[in-house]
Amino acid sequence: MTTRRNFLKGATATGIAFCSCGMLDAARAQPGTSRLPVKVNGKRVLTVDTHSHCYFHEAFNLMGEGAEKMLAPVKGIPEHFIVIEQRLKEMDAMAIDMEVLSINPFWYGKDRDTAAAIVTLQNEKLAELCASRPDRFAAFASLSLQFPDLAVQQLETAIKKQGLRGAAIGGSVLGEDFADPKFHPVWAKAEELGAVLFIHPQSTPDLAKRLKGNGYLANTIGNPLDTTIALQHLIFEGTLDRFPGLKILAAHGGGYLGSYAARSDHACFVSPQSCNPNITLKKKPSEYLNQLYFDALVFTPEALRHLVAQVGASQIVLGSDHPIPWEQHPVDHVFATTTLTDKQKIAILGGNAARLFGMKVA
């Protein structure tokens with residue numbers, strides 16, 4: 001039986017595979033060939049993984065009994081409990097200069113005091129970790145989003161005092177969509193601070209029954225669907241018009257929206273009775289995608305080519321989901337997309353992230 005104690009004892013387990021290296025850009029089209037320093041046409045470029053995770057033992061301890069149930073049944077979970085030198089080796093093997101760390105919300109169902117304690121601890125730990133190696137790590141703050149007034153305070157502290165780059169949020173708050181006016185103060189504060197909001201879904205709870213069965217469908221389908229729903233509500237409810245300066249980064253390529261965005265442009269024409277006459281969007285629904293950001297975690301060169309065609313290369317950043325092995329060669333994925341120009345590759349590998357997060361690039 002895997003107890004919480006036994007699980008945490010194994011939290012420093014590793015599974016590193018060092019890959020053979022190729023020196024030429026052309027060789028980097030094959031998985032596992034990229035290494036630091038990464039170069040495009042002979043020019044050294046920064047590589048920034050905006051979608052990487054970590055956990056802290058102390059925060060899980062605050063959850064009480066059953067904390068281990070909050071951990072997904074996937075490979076890479078022990079490595080979430082970050083050991084800096086080990087993580088750096090993993091990043092080097094993936095040709096990643098910098099990771100922007102985030103913690104998927106597991107505290108949305110907790111009371112105010114417990115949620116506040118978890119978030120305070122995590123943000124302090126993230127700030128400390130990033131300060132120890134600012135050349136390799138940045139981080140998204142955690143927020144007690146179920147208590148918007150508290151989340152506003154936490155976000156301000158995270159950005160102004162702790163040096164964090166934004167905040168990681170779910171796809172909803174236990175089914176409450178982000179377009180709900182109760183969350184407007186949080187988005188207003190994020191816009192004011194220039195903080196990036198990283199939407200990372202945790203399946204679609206309303207569909208839990210249908211997503212049971214073979215294939216890990218709660219994640220395989222549920223996660224990208226949850227992001228799609230979140231973004232559509234932000235668009236159609238006018239939230240993005242209300243907060244035009246909001247910086248939103250969507251995980252997993254933004255879910256399904258990038259692959260079928262144009263359908264949204266026809267919705268209120270086909271069924272005007274299903275649309276709110278009091279909401280008049282300032283542009284076509286699909287056009288809002290060009291002001292959002294998306295990670296490149298879409299697996300194939302064709303999928304990345306299509307995402308670039310839909311939203312623009314300037315809106316895409318590197319993402320791996322590390323240490324969960326969804327994409328073990330994110331840099332090679334970009335090099336393998338031969339439709340990209342050198343300028344676009346440089347932007348996606350790290351240039352866009354540096355601009356988005358206000359990072360200084362040597």
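Begin by selecting Glu-156, Lys-160, Lys-189 and Glu-192, which are linked in a network of salt bridges. A salt bridge here is a side-chain nitrogen of Lys or Arg within 4 Å of a carboxyl oxygen of Asp or Glu.

Before moving on, a word on what you're looking at: this is a predicted model, where local features need pLDDT of at least 70, side-chain atom pairs count only at pLDDT 80 or more, and totals for chains, interfaces and linings use all residues. Residues are numbered from 1 along each chain as its sequence is written, and side-chain values use heavy atoms, leaving out hydrogens and water.

**Stop one: helix H6**

Select residues 148–160 and you have helix H6, with 13 residues. Helices (H or I, at least four residues) and strands (E, at least two) are DSSP runs, numbered from the N terminus. From its first C-alpha to its last, H6 reaches 18 Å, close to the 18 Å expected at 1.5 Å a residue. That expected span is 1.5 Å times one less than the number of residues.

Which residues of H6 are buried? Color Pro-148, Leu-150, Ala-151, Val-152, Gln-154, Leu-155 and Ala-158. Buried means under 20% relative accessible area, exposed means over 50%, and partly exposed lies in between (1.4 Å probe, protein chains only).

Now show what these buried residues pack against: helix H5 (112–132), strand E5 (137–141), strand E6 (166–169) and helix H7 (184–193).

The structure holds 12 salt bridges. Arg-136 is buried, with a relative accessible area of 11%, whereas Asp-92 is partly exposed at 35%.

Next, pick Asp-135 and Arg-133, which form a salt bridge with their closest N and O atoms 3.1 Å apart. Asp-135 is partly exposed at 45% relative accessibility, and Arg-133 is partly exposed at 25%.

Then jump to helix H12 (residues 301–311) and find Glu-302 and Arg-305. Their side chains meet in a salt bridge at 2.9 Å, N to O. The two are separated by about one helical turn because they are three residues apart in H12. An α-helix has 3.6 residues a turn, so residues three or four places apart point the same way. Glu-302 is partly exposed at 48% relative accessible area, and Arg-305 is partly exposed at 31%.

Go to Asp-226 in helix H9 (residues 222–236).

What does Asp-226 contact, leaving aside neighbours within four places in sequence? Select Gly-171, Ser-172, Pro-201, Gln-202, Ser-203 and Thr-204. Contact means heavy atoms within 4.5 Å.

**Stop four: a nonpolar patch**

Switch to a surface view and pick Tyr-216, Phe-299 and Trp-326, which form a nonpolar patch with about 280 Å² of accessible area together. Patches are made of residues with over 30% relative accessible area and no salt bridge, where like charges are joined within 9 Å and nonpolar side chains (Val, Leu, Ile, Met, Phe, Trp, Tyr) within 5 Å. Trp-326 lies in the loop between strand E10 (316–317) and helix H13 (330–336), and is partly exposed at 32% relative accessibility.

Most residues other than glycine have a negative phi, and most peptide bonds are trans. Here are some exceptions to click on.

- Leu-36 and Pro-37 are joined by a cis peptide bond, with omega about -5°; Pro-37 is in the loop between helix H1 (4–9) and strand E1 (39–40).
- The bond from His-322 to Pro-323 is cis as well, with omega near 10°; Pro-323 is in the loop between E10 and H13.
- Ala-95 has a positive phi, near 65°. Find Ala-95 in the loop between H4 and strand E4 (98–102), buried with a relative accessible area of 0%.
- His-252 has a positive phi of about 55°. Look in the loop between strand E8 (247–250) and helix H11 (267–270); His-252 is buried at 15%.

Note on methods:
Accessible areas come from the Shrake-Rupley method with a 1.4 Å probe; for residues, only the protein chains shown count as cover.
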